[in-house]
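Let's take a walk through this structure together, one feature at a time. Keep the picture open as you read, and look for each spot as we reach it.

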Amino acid sequence: MATRTIVESPGVVRRKRLDETYIGEWLMTTDHKKIGLMYIITAFFFFLVGGVEALLIRTQLAVPNGKVLSPEVYNQIFTMHGTTMIFLFVMPMLTGFGNYIVPLMIGARDMAFPRLNAFGYWIVLFGGLFLNSSFLFNAAPNGGWFMYAPLSELTKGCGNAVMCTPGMNADFWLLGILLLGIASIASALNFVVTILKLRAPGMTLNRMPLFTWMTLVTSFLLLFALPSLTAASVLLLLDRHLGTHFYQFASGGDPLLWQHLFWSFGHPEVYILILPVFGMISEILPVFSRKPIFGYTFIAWSGVAIGFLSFTVWAHHMFAVGLPPIAQAFFATSTTLIAIPTAVKIFNWIATVWGGKVILNAPMLFALGFIAMFLIGGLNGAALAVVPFDYQVTDSYFVVAHLHYVLFGGSVFGIFAGIYYWFPKLTGRFLGDRLGQVQFWLMMVGVNLTFFPMHLLGLLGMPRRIYTYPANLGWNLDNLLATIGAFIIAASVLVFLWNLFVSLGNGQKAGNDPWDAFTLEWDTSSPPAHYNFLTIPTVRSRRPFYDKKNPDIADWKTVTH
Amino acid sequence: MSEEQNQNEQVPAKDRPIKTAQEFTLNAHKSYWPLALAIALCFVLVAVTANNLIVLGIGTVLAAAAIIGWGLERR
């Protein structure tokens with residue numbers, strides 16, 4: 001009967017407890033590395049789900065008068081595409097990297113609250129399954145990823161019986177987002193305490209790796225931004241089910257309240273999705289340029305500045321609602337201001353690469369691709385800060401182009417850079433570099449072919465979320481190109497999956513420090529042991545592992561910080 | 001060469017050295033309460049969505065049990 005047994009002492013055989021089985025180890029783990037891996041795998045699964053949804057959207061829009069999906073299903077698909085990519089892919093993926101890498105980077109044995117960490121992961125998994133289970137009831141959320149009120153109200157409250165959400169669609173979204181919010185708060189609290197309290201001796205804030213810095217800033221953003229979304233969601237649930245009318249104009253409520261509450265979360269959210277990627281890029285560029293990061297202090301504090309400013313720009317999403325001129329001027333100015341710390345980072349990254357012995361392998365290519373694509377996303381974002389221009393293109397495909405250059409060209413390129421860079425630490429093996437480069441170029445072509453024509457479509461007046469369009473508006477070619485580009489992106493993801501499959505089985509062994517890197521996560525085995533470090537390292541500069549490998553020319557001997 | 005460099009070479013599980021008591025004390029114990037609490041909250045969520053008081057009751061009891069179990073668990 002007892003086939004899975006362990007020997008406790010000679011002659012005594014007992015059944016394995018649940019936590020001693022392979023599955024049990026993962027179900028009950030509190031180890032930050034296992035939890036980080038689970039986050040990464042789950043997020044990647046949802047990336048594939050969101051990707052399939054994107055392909056459905058693009059197939060529907062490939063030609064005029066398309067009927068691949070019904071209008072109702074189309075609404076559900078684009079809503080779930082946005083929701084999945086933001087809340088179930090990018091956020092959990094970055095949390096996963098933070099979970100795995102940050103404790104190793106700062107010389108800690110684990111996160112400060114290991115059980116809370118595990119709880120956060122399980123909530124993300126079940127929250128994602130809950131949201132997607134709505135498809136089974138043909139009641140997937142259908143009001144767009146920002147679920148504007150009064151569109152999301154019940155029939156009684158929306159003021160127009162046609163434009164409302166009588167089914168459970170909005171409830172699935174609201175409850176799922178509430179659940180995911182709990183997970184984000186849990187992980188953010190955990191990161192703040194871990195980073196502030198568990199750093200290795202000698203690792204002052206001024207010596208902390210930049211990925212850790214950006215994770216810290218992101219965690220504070222989450223802690224301050226999420227309550228606004230939670231409050232907005234609860235108020236909408238009350239409107240829908242308990243007869244209140246916070247967002248109902250006819251009863252004295254204000255539909256714009258939703259927009260203010262949502263975007264005072266939603267704009268910091270953009271930086272929540274990109275700041276950790278800034279940190280990843282700041283780790284990768286120096287290693288493959290064989291130079292220390294240029295302008296460490298400026299990069300770190302510009303991240304903090306972005307964090308503060310991100311709370312002052314929310315209403316640039318609302319220029320078209322008729323804000324008073326003084327508000328328009330304020331939010332246009334603050335939105336332009338936030339470009340300054342962002343540009344500071346870009347200049348410092350370029351200066352880091354400048355004059356370095358650049359190694360153009362897959363992680364470096366993705367990091368450089370990130371800079372180029374994010375720069376385009378930043379520039380067309382600055383254009384949207386100009387109120388008269390925003391009036392012209394608001395809620396058009398120009399905005400879709402902008403957010404995808406930021407979130408795909410930015411976050412996704414950065415995430416792939418991170419995957420190629422840290423994969424050897426996670427698994428002990430390299431991801432194939434040749435396939436990585438094929439993937440990069442396919443993705444680069446695909447992204448630009450998909451999203452650049454969307455600028456033109458927006459300028460030609462194509463509204464976002466439109467179900468289909470007639471053939472005589474001049475939109476046909478650009479839409480077809482965008483759809484071809486989306487399938488090229490899908491091909492690049494397939495190349496990655498093949499690379500992953502081959503590398504996990506037969507990838508070249510990487511050793512512990514395959515990139516001759518500078519930070520502490522490389523000063524342990526690959527993958528690291530349960531306890532991370534046998535002895536906690538002592539830090540004397542910003543490149544502690546470099547110091548250890550090069551004691552004669554250690555940073556702390558020549559540089560004071 | 002780092003001092004931890006060879007601590008976790010890819011060797012078959014049966015040949016790996018047994019962990020010492022000190023290694024176990026370095027990290028938190030495994031726990032099934034986080035998973036249990038997450039499942040309980042899911043029950044509550046499904047119950048609210050489906051407007052089902054029985055499932056809501058089960059979810060609430062499970063959540064309370066998970067929180068108590070979590071609190072009383074040996075660290």
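## A phenylalanine on the inside

A:Phe440 counts as buried, because 25 C-beta neighbours sit inside 10 Å and the cut-off for being buried is 20 or more. Keep in mind as you look around that this is a predicted model. You'll find A:Phe440 in helix α14 of chain A, which covers residues 433-459.

Who does A:Phe440 touch, once residues up to four places away in sequence are not counted? The answer is A:Ala362, A:Leu365, A:Phe366 and A:Gly369. There's another phenylalanine to look for: A:Phe416 is 24 residues apart from A:Phe440 in sequence, and the two are 8.9 Å apart in space, C-alpha to C-alpha.

Now let's look at the largest nonpolar core, which has 172 residues. Which members touch the most other members? They are A:Ile281, A:Ile284, A:Phe366 and A:Ala417. Helix α13 of chain A, residues 397-427, gives the most to this core, with 20 residues.

Pick out A:Ala417 and see what surrounds it. Leaving aside neighbours within four places in sequence, A:Ala417 is in contact with A:Met280, A:Ile281, A:Ile284, A:Pro363, A:Phe366, A:Ala367 and A:Phe370.

## Two helices running along together

How do you describe a pair of packed helices? You use the angle between their axes and the distance between the axes.

Next up are helix α8 (residues 296-309) and helix α10 (residues 339-353) of chain A, whose axes come within 8 Å and cross at roughly 155°. Parallel or antiparallel? The angle makes α8(A) roughly antiparallel to α10(A), because the cut-off for that is over 145 degrees. The crossing of this pair is left-handed.

On the α8(A) side, look for A:Phe298, A:Ile299, A:Ser302, A:Ala305 and A:Ile306. They meet A:Pro341, A:Thr342, A:Val344, A:Lys345 and A:Asn348 in α10(A). By class, this contact has 6 nonpolar, 3 polar and 1 charged residues.

Chain B has 3 helices and 0 strands, so its pattern along the sequence reads α-α-α, counting helices and strands as runs. What share of its 75 residues counts as buried? The figure is 19%.

The contact between the chains takes 33 residues from chain A and 25 residues from chain B. On the side of chain A that touches chain B, the elements giving two or more residues are α4 (114-133) and α5 of chain A. The largest share, 8 residues, comes from α4(A). By class, this side of chain A has 19 nonpolar, 7 polar and 7 charged residues.

Most residues other than glycine have a negative phi, and most peptide bonds are trans. With that in mind, check the cis peptide bond that joins A:Ala149 and A:Pro150, where omega is about 10°. A:Pro150 is found in the loop between α4 and α5 of chain A. Another cis peptide bond joins A:Ser526 and A:Pro527, with omega about -10°, and A:Pro527 is in the loop between α15 (476-506) and α16 (544-549) of chain A.

Then there's phi. A:Asn65 isn't a glycine, yet its phi is positive, about 55°. A:Asn65 is in the loop between α2 (32-61) and α3 of chain A, and it's exposed, with 8 other C-beta atoms within 10 Å. A:Asp516, not a glycine either, has a positive phi of about 50°. A:Asp516 lies in the loop between α15 and α16 of chain A, and with 13 C-beta neighbours inside 10 Å it counts as partly exposed.

How values were computed. Residues numbered from 1 in each chain as written. Chains lettered and ligands numbered in written order. Predicted model: local features only at pLDDT ≥ 70, side-chain atom pairs only at ≥ 80, totals over all residues. Core = buried A, V, L, I, M, F, W, Y, C linked by C-beta atoms within 7 Å. Buried ≥ 20, exposed ≤ 12 C-beta atoms within 10 Å, placed from the backbone. Helix = DSSP H or I, 4+ residues; strand = E, 2+ residues; numbered from the N terminus. Contact = placed C-beta atoms within 7 Å. Nonpolar A, V, L, I, M, F, W, Y, C, P; charged D, E, K, R; others polar. Axes fitted to C-alpha atoms, helices over the stretch in contact; angles between N-to-C directions. Parallel < 35°, antiparallel > 145°, perpendicular 65-115°, else oblique. Left-handed = near helix turned anticlockwise from the far one by under 90°.
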